[in-house]
Amino acid sequence: MNWYCFKLLFFLILFQSCIETNSSGFQFKDYDELTSNSVNIVDSISFRYPFRVRQKDTTLYVLDLHGRQFYCFQLFYPNIANKKKFASKGNGPEEFLSVENIRLSSSGDIYLLDANKETISIYNTNEDSIKKEIKLPDELLRSLDFALINDSLFAIADYTGKCRINMVDINGKIQQKLFQIPTKKYKDVSYSKIVLAQAWRSFIDYNPGNGILAMATQLGQVIEIYDLKKNEIVNILFGKYGEPEFTNQGSYAIPNGIMGYSDIQVGNDAIYTVFWGTPFKDIQRDPFNTLEGGDMIQVFSLEGKPLQQYILDRHITGFSVNERNKKLIGLDVNNEQQIVEYQL
Amino acid sequence: MKKNVYVIIILIVFISIFTRINSSKKTFLNKLVLKNIECLASSESPGVNCVGIGSLDCPVYNTKVILYVI
């Protein structure tokens, strides 16, 4: 009889644990604290809101999201000095209403996405004028990030919510629509797909070497990993904060959870992300004194296993990791010295 | 001994039922609040305030802000 009672007790405990549905999400075993190295800045360099940085040999490309006259800056590296400004602000020909991201191709061209003009512009590194301007398909709605699949094919995420990734060719035609927003929470809720896509706005990166495309949500804590060579989902990772939290008001997704990721890089062996974890409650309380950026670099394997977490002494918005020398260049909008470097 | 085991079992059953009722109550309340907000919002176009300069896309004015609220 006693044995029977204990068996019953065991199943009841199991039942109880099943009722608690809050999963804790992925976790990192430990973390390393990193202090920024001093960077040799020769010129006076001041951006309004540096958001993306790319490195090509001894040149850095910085995207200033709120640039005063220009959005993009070419800098000498490692002794940082001004080289060239480009992508001027304006409504005229060869001018930009906004720049969401900057990409460098293997052939040395520079690609810029303007969500407001709905174009991708291609610059040759050595020339000042635009080589080609691609008008994005009309059926896309606010294309907020893109990745180069090759010199003539782009992966674009937009607000229509009809699919997760649109594959658009150099002529501005959609070649393929891939995957769906991986929501578990709002699957059966009758929100418009546009509202869901707003909440699930994500940053993208692709590595042509291994065919992995990864996305990180700006709200919440979700990492999506896709294998574009096999056209399959590798893993969808939900962190402690879970999927983006929002309320549907009018036709807008009003965020009420946390600011999550703001940049992602798919390396040869790992995926690097910067995570904020700032609750909107805190931002609403004091929006102008909350630090912009994240102080956590989270590293995952290409299969989605959490590998390492670094806690930085600065909050950064964007970064670039050089996997050969394990150096990370970060962008800090909160301090006078806006370009920082870390040894991973 | 037997008595104690029965007491524990009864306790666990009660806790399980209580947790379930409580969580479903919360979901119901959240849905109710959400519905009310949606009703209020749909009756007129919401006045969205976009605050500061940041990296969050304000869907109303197509600019990047620190936050946007209604």
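Select A:E94 to begin: this residue sits in the loop between strand 5 and strand 6 (101-104) of chain A. Strands here are DSSP E runs of at least two residues, helices are H or I runs of at least four, and both are numbered from the N terminus. Check the backbone, and you'll find phi of A:E94 near 65°, a positive value in a residue other than glycine. Most residues other than glycine have a negative phi, and most peptide bonds are trans. A:E94 is partly exposed, with 14 other C-beta atoms within 10 Å. That label comes from counting other C-beta atoms, placed from the backbone, within 10 Å of a residue's own: 20 or more is buried, 12 or fewer is exposed, and in between is partly exposed.

A word on ground rules: this is a predicted model, where local features need pLDDT of at least 70 and side-chain atom pairs count only at pLDDT 80 or more, while totals for chains, interfaces and linings use all residues. Residues are numbered from 1 along each chain as its sequence is written, and chains are lettered from A, ligands numbered from 1, in the order in which they are written.

Next, pick A:R142, in the loop between strand 9 (130-135) and strand 10 (145-150) of chain A. Here too phi is positive in a residue other than glycine, near 45°. A:R142 is partly exposed, with 19 other C-beta atoms within 10 Å.

Now for a sheet. Which strands of chain A form an open sheet, and in what order? Four of them do, in the order 2-3-4-5, with antiparallel pairing; two strands count as paired if DSSP finds at least two bridges between them. Strand 2 (50-56) and strand 5 (81-88) of chain A are the edges, each pairing on one side only. From one strand to the next, the twist averages 20°.

Zoom in on strand 4 (residues 70-76) of chain A, which pairs with strand 5 of chain A in the antiparallel sense over six bridges. In the loop between strand 4 and strand 5 of chain A you'll find A:P78, and the peptide bond from A:Y77 to A:P78 is cis, with omega near 10°.

Stay close by and select A:C72, whose bridge partner in strand 5 of chain A is A:F86. A:C72 is also among the residues with the most contacts inside the largest nonpolar core, which has 89 residues. Such a core is a set of buried Ala, Val, Leu, Ile, Met, Phe, Trp, Tyr and Cys residues joined through C-beta atoms within 7 Å. Beyond four places in sequence, A:C72 touches residues including A:Y61, A:L63, A:V99 and A:L112; contact means C-beta atoms, placed from the backbone, within 7 Å.

Hop over to chain B, with one helix and two strands in the pattern α-β-β. Buried residues make up 11% of its 70 residues. Select B:V48, in the loop between helix 1 (2-43) and strand 1 (49-58) of chain B.

Last stop: colour chain A by pLDDT, the predictor's confidence in each residue, from 0 to 100. The chain A mean is 92, and 93% of its residues reach 70 or more. Over residues 17-23 of chain A, though, pLDDT stays under 50. Where pLDDT is low, the predicted coordinates should not be read in detail.

How values were computed
Axes are lines fitted to C-alpha atoms, for helices over the stretch in contact, and angles run from 0 to 180 degrees between N-to-C directions. Two residues are in contact if their C-beta atoms, placed from the backbone, lie within 7 Å.
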